[in-house]
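We will go from one stop to the next together.

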Amino acid sequence: MLTALCLLSIAQSTVKVTTIKTVVGVNPVAYAPAPKGSKFVASLENSTLRIINASDRMTIRTLVGHPQPAMAVAWSPNGKLIASGDESGRVFFWDASSGKKIREMRTHTKGVHTLCFNAAGTILLSTGKDDTLRFYFTSTGKEQKVVYGKGANLYGARFMAGSNKVILGTLDGGGTWLLSSFIRTKTLNASMNDKGVWDVDVFGGRAVSAQREGTAVLWNLSTGAKIQTLKGHLDWVTFARFSPNGKLVATSSTDQTVRVWDSFRAVSIAKLENQTPIGSPLCFTADGKFLITVANDNSMQVHSIAGTRK
């Protein structure tokens, strides 16, 4: 059954979010979109990865090799590589076309939280439960640099648009760090009661952080100033993602909801109920047509997004 969730006018365009399919038996723990089209990679509880087309929900390829579930995945900007990081601390590079594993790195001593390629696709960053931020050359898999959190509990991280600067969320209440040349240059605190940041995402000169205090915060990366706070969740906000055109932000929470926001007006335009209570991983496909989440029975859920691609 198709369920239309919300309608709203943004820039003379009607936004419609519709749940189109719950795929039972596919239990994802992480997602990453392909750089073009409607494909994405889903990392599953059974330690495999699947490349899936959101338009028909068909699995294109299955990637096998991780000894434990990969809680982090990323797709390179040129579409050729998929990176995945598992609970054993292993990071794999895969050939996205053939599904073959190219190489394996194991410099993390504990599970991997986050993976992200830079815009050129030459560097991969990772954060892990060992409280480190690590950088790898994608051409060789060799580690370029390691940054130690020293108790900060480094978590979500993203390269800033068009640069090798990094925005990084920490769970110690230290807020969101901006790093340049691997040195912390600024700390962005959402409030005096900042309890830490699970996740971050970047679009152009803006960033969004998923706060443990139950909000998401939009930031101006040029000035470091807070633009707006997105309020509506009732518990920790665990993931935050911009849509491909930057007009929308999706956030998930341990309150078992996913919200979709107008990123300029900072208003909630859709609320997806019955999502996983640990906070759903999120994925907008590159064509802007689909949002992928995880339902409260741990099944993959696909939602169509209409009216935002102009």
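The tour below visits a sheet, then some aromatic rings, then charges over rings.

This is a predicted model, in which local features need pLDDT of at least 70 and side-chain atom pairs count only at pLDDT 80 or more, while totals for chains, interfaces and linings use all residues. Residues are numbered from 1 along each chain as its sequence is written, and side-chain values use heavy atoms, leaving out hydrogens and water.

Strands are DSSP runs of E, at least two residues, numbered from the N terminus, and two of them pair if DSSP finds at least two bridges between them.

**Aromatic pairs.** The whole structure holds 8 aromatic pairs (Phe, Tyr or six-membered Trp rings with centres within 6.5 Å; planes under 30 degrees apart are stacked, over 60 edge-to-face, the rest tilted). Pick Tyr31 and Phe40: their planes stand at 85° with centres 5.7 Å apart, so the pair is edge-to-face. Both Tyr31 and Phe40 are buried (under 20% relative accessible area with a 1.4 Å probe, protein chains only).

Next, show Phe93 and Phe117, whose centres are 6.3 Å apart and whose planes are at 25°, so they are stacked. Phe93 sits in β9 and Phe117 in β11, 24 residues apart.

**Charge over a ring.** Finally, select Arg184, which lies over the face of Trp177 at 3.8 Å from the ring centre (CZ of Arg or NZ of Lys within 6 Å of the centre and within 35 degrees of the ring normal).

Terms used. Buried < 20%, exposed > 50% of the residue type's maximum accessible area, 1.4 Å probe, protein only. Helix = DSSP H or I, 4+ residues; strand = E, 2+ residues; numbered from the N terminus.
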